[in-house]
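Me: Please take a close look at one helix of this model. I would like to know how it sits against the rest of the chain, with enough context to judge the picture.

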Amino acid sequence: MTDDATTAAAPTDTLGYEQARDELIEVVRRLEAGGTTLEESLALWERGEELAKICRHWLEGARARLNEALAQPGKDEPGDAG
């Protein structure tokens, strides 16, 4: 079994925000620690870019949902009978 980040990586279409964030943190930690070959570093960098894109997608979706909810006047205000 290799220590390459891409071999154990989950498919990007199934990662939730927290999973992608945690894996991204690990990728950054490994890059900052050094000691990897150029090829390993490039693979880690590419994986990090994918993970950052996934996190950005989740955050943009959350922001859009929040903006939608805030744009609906009167919904879920105190005193509303439901």
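Reply: The protein chain exposes about 6,500 Å², and carbon and sulfur atoms supply 55% of that area. This is a predicted model. Its pLDDT averages 84 over the protein chain, with 73% of the residues scoring at least 70. Residues 1-7 stay under 50 in pLDDT, and the model gives them nine contacts beyond four places in sequence.

The protein chain has two helices and zero strands. Of its 82 residues, 17% count as buried. Where contacts link residues at least 6 apart in sequence, 70% of them join residues at least 24 apart.

The helix to look at is α1, which covers residues 17-33. With 17 residues at 1.5 Å a residue, α1 should span 24 Å, and the distance of 24 Å between its end C-alpha atoms therefore agrees with expectation.

Four residues of α1 are buried, under 20% relative accessible area: Ala20, Glu23, Val27 and Arg30. Viewed down the axis of α1, these buried residues fall within an arc of 90 degrees, so they line one face of the helix. Part of what covers the buried residues is α2, residues 38-71. On the other side of α1, the exposed residues are Ile25, Glu32 and Ala33.

After α1 comes Gly34, with a positive phi near 75 degrees.

To put the helix together: α1 has its buried residues on one face, with α2 included in their cover, and has Ile25, Glu32 and Ala33 exposed on the other side.

Technical notes. Residues are numbered from 1 along each chain as its sequence is written. This is a predicted model: local features need pLDDT of at least 70, side-chain atom pairs count only at pLDDT 80 or more; totals for chains, interfaces and linings use all residues. Side-chain values use heavy atoms; hydrogens and water are left out. Buried means under 20% relative accessible area, exposed over 50%, partly exposed in between (1.4 Å probe, protein chains only). Contact means heavy atoms within 4.5 Å. Accessible areas come from the Shrake-Rupley method with a 1.4 Å probe; for residues, only the protein chains shown count as cover. pLDDT is the predictor's confidence in each residue, from 0 to 100. The expected span of a helix is 1.5 Å times one less than its number of residues. The arc is that of the directions from the helix axis to the C-beta atoms.
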